[in-house]
Protein chains: 2
Amino acid sequence: MTQTRRRRANGEASRQRILDAAADVAGERGYEGTSINLVSDRSGLPPSSIYWHFKNKDELIAAVIDRSFSAWAEALRRSMVMPPEGTREDVFRLTLKRSGRALAEFPDFLRLGIMLILERRPDEPTARQKFLEVREHTADRTRALYELYFDDLDADDIAALVRLTIATADGLFIAREIEEIDLSSAFDLLANAVLGAASRLAAARSQP
Amino acid sequence: MTQTRRRRANGEASRQRILDAAADVAGERGYEGTSINLVSDRSGLPPSSIYWHFKNKDELIAAVIDRSFSAWAEALRRSMVMPPEGTREDVFRLTLKRSGRALAEFPDFLRLGIMLILERRPDEPTARQKFLEVREHTADRTRALYELYFDDLDADDIAALVRLTIATADGLFIAREIEEIDLSSAFDLLANAVLGAASRLAAARSQP
DNA sequence: CCGTTCCTGTAGTGATCACTCCAGTAAATC
DNA sequence: GATTTACTGGAGTGATCACTACAGGAACGG
């Protein structure tokens, strides 16, 4: 057991099928609504296989979040390889837009994560904790970006802007469940809003 | 059965106790996690009483949303009785801030509603539909407000700003579950962001 | 007092829940 | 070919699920 192990049967493929089915079901019905039997039916694998791959339901959901977040982060990283050109503002706008597009592509972890946040269960720590970690990671990256762009603002203002940005991204994600939304233009407007708020904050600093 | 009926036993009080308990449980565990037995335990009333007052679980949750939204709308209405003074911007800012404060006071319907939106269940229409209604109502009111304040923008821009505002309010509400947030200053920043975005939109219109 | 209406309490229903036991099998290692 | 490792299949565990049937009590109108 030194490296990634060769698969004897179709273990890794089964694991992925289970995760696919679990993401599907959890996206439809929430944490409580995700029954192992349903995951079993949709994946075509018996409950015993699910419990061979995952310790329990909690860790199954955590794995779904983990995989979807990794996919999102990877898509984001790939989209950032080519740095955008244009004015300072153009670059900022495009960076936000790319994040939004990547979110629309891999929505599972955000959907599940927000559900787990809202369901304040006392007894399901792993999945929730996993989401809080990836969220914190995202906040750090956003903060780093904003410190670059808004160098005339102090740390508190930056933090507030980051919180505003993430909150709006969450909210737009929810809105997308209700009505058809052009995420591209929505994130463009978000960029406008952040830029506008930043310049207003800067103005307030200079003449309090 | 012409008017509001006299209560023979403690019917109305029981109904409220059930709603209190249901709001409590649903806030903790989501729709699926809200078991009638748990509501029964917390309210101190047997399941048969719950089913006497409400047709089924779906309508119980819908009633929770309805009551919480009514309380919020009433709190909002009361806070708006005294129109704010100051500059145009000050008034706008204060109006948003009041809405946010009222939301923090009666959070149940928003929490439950967002959960129901994210859980795209095929078979629980009433509660979800109820939330979509109150949400549409809120959007209409916000739109009316924005048409007053941003008379240099066209309908599409107004609609986008309204969507942005509601999305951010949703997102801030979620963020409040994770970390301590000063909603007052957060909604103040939201006002700044909307004002900033609006002026940028207006500028883009005048020189496309 | 009687009857009606409102509401509660007891005791269930079959279905589904998360999860387990364990025998069986196919591939890799020896 | 024997043994080990990696999974699958089936059958089932007790607990809990939403929901119901029904008897009975308390407050009312008559």
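**View 1. Thr142(A) sits in helix H7 (residues 125-149) of chain A.** Helices here are DSSP runs of H or I, at least four residues, numbered from the N terminus. This is a predicted model, where local features need pLDDT of at least 70, side-chain atom pairs count only at pLDDT 80 or more, and totals for chains, interfaces and linings use all residues. Residues are numbered from 1 along each chain as its sequence is written, with chains lettered from A and ligands numbered from 1 in the order in which they are written. Thr142(A) is buried, with 20 other C-beta atoms within 10 Å (buried takes 20 or more such atoms, placed from the backbone). Setting aside neighbours within four places in sequence, Thr142(A) touches Val162(A), Thr165(A) and Ile166(A); contact puts the C-beta atoms, placed from the backbone, within 7 Å.

**View 2. H8(B) packs against H9(B) at about 160 degrees, axes 11 Å apart.** That makes the pair roughly antiparallel (over 145 degrees, between N-to-C directions on a 0 to 180 scale, with axes fitted to C-alpha atoms over the stretch in contact). Look for Leu161(B) and Leu172(B) of H8(B), and Leu190(B) and Val194(B) of H9(B), among the residues making the contact. The contact divides into 10 nonpolar, 2 polar and 2 charged residues (nonpolar: Ala, Val, Leu, Ile, Met, Phe, Trp, Tyr, Cys and Pro; charged: Asp, Glu, Lys and Arg; polar: the others, Gly among them).

**View 3. Chains A and B meet through 40 residues from chain A and 40 residues from chain B.** On the chain A side, H8(A) gives the most, with 14 residues. That side splits into 22 nonpolar, 7 polar and 11 charged residues.

Notes: Contact = placed C-beta atoms within 7 Å. Helix = DSSP H or I, 4+ residues; strand = E, 2+ residues; numbered from the N terminus. Parallel < 35°, antiparallel > 145°, perpendicular 65-115°, else oblique. Buried ≥ 20, exposed ≤ 12 C-beta atoms within 10 Å, placed from the backbone.
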